[in-house]
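Hi,

Here is the structure I promised to pass on. Have a look at it first, and then read my notes below.

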Amino acid sequence: MRQVRFGKIRPSALLTLVTGVPLAALISMAGFARVANQDTDAQKTHVPVTLKDEAGLQIDPSVPGPRPYSPRATCGGCHPYDAITRAYHFTMGADVIADDWGAKHRNRPWMSSPGQNGGQQHMSYAWLSKKRNSRADEVGMTPYVYARTCAVCHPGGSIFEHDRDGQRYDHRMARQPDLADSLDGDYYKTDWQRSGVLEADCLMCHTQHYDPKERVAQLAKSNYRWAATVGAGLGTVEGSVADGQTPRLAYRADLTSASSIRVVPSKTTDKNCLFCHAEAETKKRGHVWDGRNEDVHSKFSCTTCHTSGADHQIRKGRSNAVFLHDEMDDPTLSCKGCHWSGQLGAKKPRHATLQQDHLEKLACVVCHVRDANVTAVHVVDTTTGASVGIPTNREAHK
C-alpha cells in the first residue's frame with residue numbers, strides 16, 4: 001500500500017477531504033518504527049513505585065492467591081487520582097451525563113452526553129443505558145456491558161468505576177445485590193461485585209511494555225479488576241467472571257522473589273497513544289499511523305502538539321468527523337494554527353497564485369495530501385456493531 005504524503009500539489013489531490021481534517025489528525029505521530037528505536041532508558045524518569053491492592057496494602061506476590069494491583073491506591077498515593085480522572089480522556093462526556101441531555105441539546109433523546117460515554121456510539125446505533133428505565137427493552141448497554149468492548153481503548157475510571165450517583169459499583173452492589181434485578185441502567189443484569197471495576201489504568205499510558213491484547217482478553221471475560229495487572233505484563237490470570245468462575249492471579253516468576261513489586265512508570269510514547277488511536281483513526285478518517293507515512297511532521301511525537309499538564313487535560317484539535325467536548329477544541333491546533341503563527345518553526349505559506357476564496361473554503365489537506373491508502377469505514381452492521389469492510393484505495397495497488 002502507498003503512503004499518505006504531504007507535499008507539493010498534484011492534480012490527483014483528494015477532494016474528498018474537503019470537509020477539513022485538522023493537523024491534529026494528520027501528524028504522522030512518528031509511527032511504530034521510530035518508537036521502536038527510542039531510548040527507553042531515557043524515558044524512565046519516575047522513581048520506583050511499590051504496588052498496592054484495592055485495600056491500600058502492599059502486594060506480596062509470593063503469597064497464595066495474591067490480589068491484583070490497584071491504580072487508585074498505588075498511583076493515587078502521590079498523584080491526585082480523582083482530579084486526573086476528571087480529564088476528558090477518562091470522562092468522555094460522563095461529567096455531564098443525564099438522561100435528558102440528548103433531548104435538551106441535540107434533539108436526540110436516546111443520547112445522554114456529548115461524548116462517547118453517553119453519546120451514540122461511533123458508526124452504530126448502540127447507546128449507553130439511561131439511568132432510569134420503565135421496561136427491560138429500554139435498557140441499552142449498561143456500563144458493565146460497555147466495558148467489555150469500548151474500554152478496550154478507554155483507560156477506565158469515570159463511568160467504568162462509579163455509577164451515576166457517584167458510588168463505586170462493586171462496593172454498592174455488595175450492599176445492594178438486588179440492584180442486578182432492577183431496571184437501573186447502571187446495574188441491570190450486572191455482576192460488578194465479582195468482576196470488580198475498571199480503575200483508571202495508569203500504566204496503559206505510562207509503561208512502554210503494556211500489552212493491550214492482554215487487556216482486551218480480560219475485558220472479554222469481565223475480569224475488570226485484573227485487567228490493569230495483566231495488561232502491564234505483571235502476571236497471568238486463569239478463570240473468567242463471565243463464565244461464572246473466580247479468576248486466579250499468578251504474578252511473574254521473576255517478581256515473586258521479593259515481598260513486594262516495584263515498577264518504574266515512564267513518559268508516554270507514541271506507541272502508547274497508538275494502542276487506541278491507530279485503529280480508531282483508521283475507521284474514522286482512513287489515516288494510518290504505523291510508520292508508512294512519509295511526512296515532514298514525523299519528527300514530532302504525539303505529545304509535541306497534544307500537550308497536557310498535571311491535570312491530564314490533553315490539548316485537542318477539532319474534527320468534522322466526530323464530536324467530543326467541542327467546547328474544548330483548540331483552534332490553534334491546526335494547519336493554520338501552526339503555519340500562520342510560526343509554531344515549532346512552521347513556515348507561513350504565501351499562496352501568491354491562489355484566489356483568496358480557495359483559502360477560505362478549502363481545507364489545507366485538499367491540496368497537500370497527495371495519496372491515501374485507506375478510507376474510513378463506510379458500513380457498520382448495526383445488529384452486531386461490526387465494521388463491514390474497510391475499503392482500500394484501489395489506485396494504490398495499480
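**Aromatic rings**

Tyr144 and Trp192 are both buried, where buried means under 20% relative accessible area, exposed means over 50%, and partly exposed is in between (1.4 Å probe, protein chains only). Before going on, keep in mind that this is a predicted model: local features need pLDDT of at least 70, side-chain atom pairs count only at pLDDT 80 or more, and totals for chains, interfaces and linings use all residues. Residues are numbered from 1 along each chain as its sequence is written, and side-chain values use heavy atoms, with hydrogens and water left out.

Back to the rings. The structure has seven aromatic pairs. For a pair, rings of Phe, Tyr and Trp (its six-membered ring) need centres within 6.5 Å; planes under 30 degrees apart count as stacked, over 60 as edge-to-face and the rest as tilted. Tyr144 and Trp192 make one of these pairs, an edge-to-face one, with 5.0 Å from centre to centre and 85° between the planes. Tyr144 sits in helix α7 (residues 143–149) and Trp192 in helix α9 (residues 192–195), so this pair ties together parts that are 48 residues apart in sequence. Helices here (H or I, at least four residues) and strands (E, at least two) are DSSP runs, numbered from the N terminus.

Another pair to look up is Tyr210 with Phe275: the ring centres are 6.0 Å apart and the planes are at 40°, so the pair is tilted. It links distant parts of the chain, 65 residues apart, with Tyr210 in the loop between α10 (203–206) and α11 (212–220) and Phe275 in helix α13 (residues 270–285). Tyr210 counts as buried because its relative accessibility is 3%, and Phe275 counts as buried at 17%.

There is also a cluster: ring pairs link Tyr144, Tyr169, Tyr187, Trp192 and Tyr224.

**Charges over rings**

A charge sits over a ring if NZ of Lys or CZ of Arg is within 6 Å of the ring centre and within 35 degrees of the ring normal. Lys316 does this over the face of Tyr88, at 5.9 Å from the ring centre. Lys336 lies over the face of Trp340, and there the figure is 5.7 Å from the ring centre.

**Two backbone angles**

Which residues other than glycine have a positive phi? Met92 has one, near 45°, and His351 has one of about 50°. You'll find Met92 in the loop between α5 (88–91) and α6 (101–105); with a relative accessible area of 11%, Met92 is buried. His351 is in the loop between α15 (335–339) and α16 (356–361). Is His351 buried or partly exposed? Its relative accessible area is 24%, so His351 is partly exposed.

**The whole chain**

The chain has 17 helices and six strands. Of its 398 residues, 45% are buried.

Last, confidence. pLDDT is the predictor's confidence in each residue, from 0 to 100. Its mean over the chain is 81, and 76% of the residues reach 70 or more. Over residues 1–44 pLDDT stays under 50, and the model has 121 contacts beyond four places in sequence for them. Residues 393–398 are also below 50, with seven contacts beyond near neighbours in sequence.

Cheers

Notes
Contact means heavy atoms within 4.5 Å.
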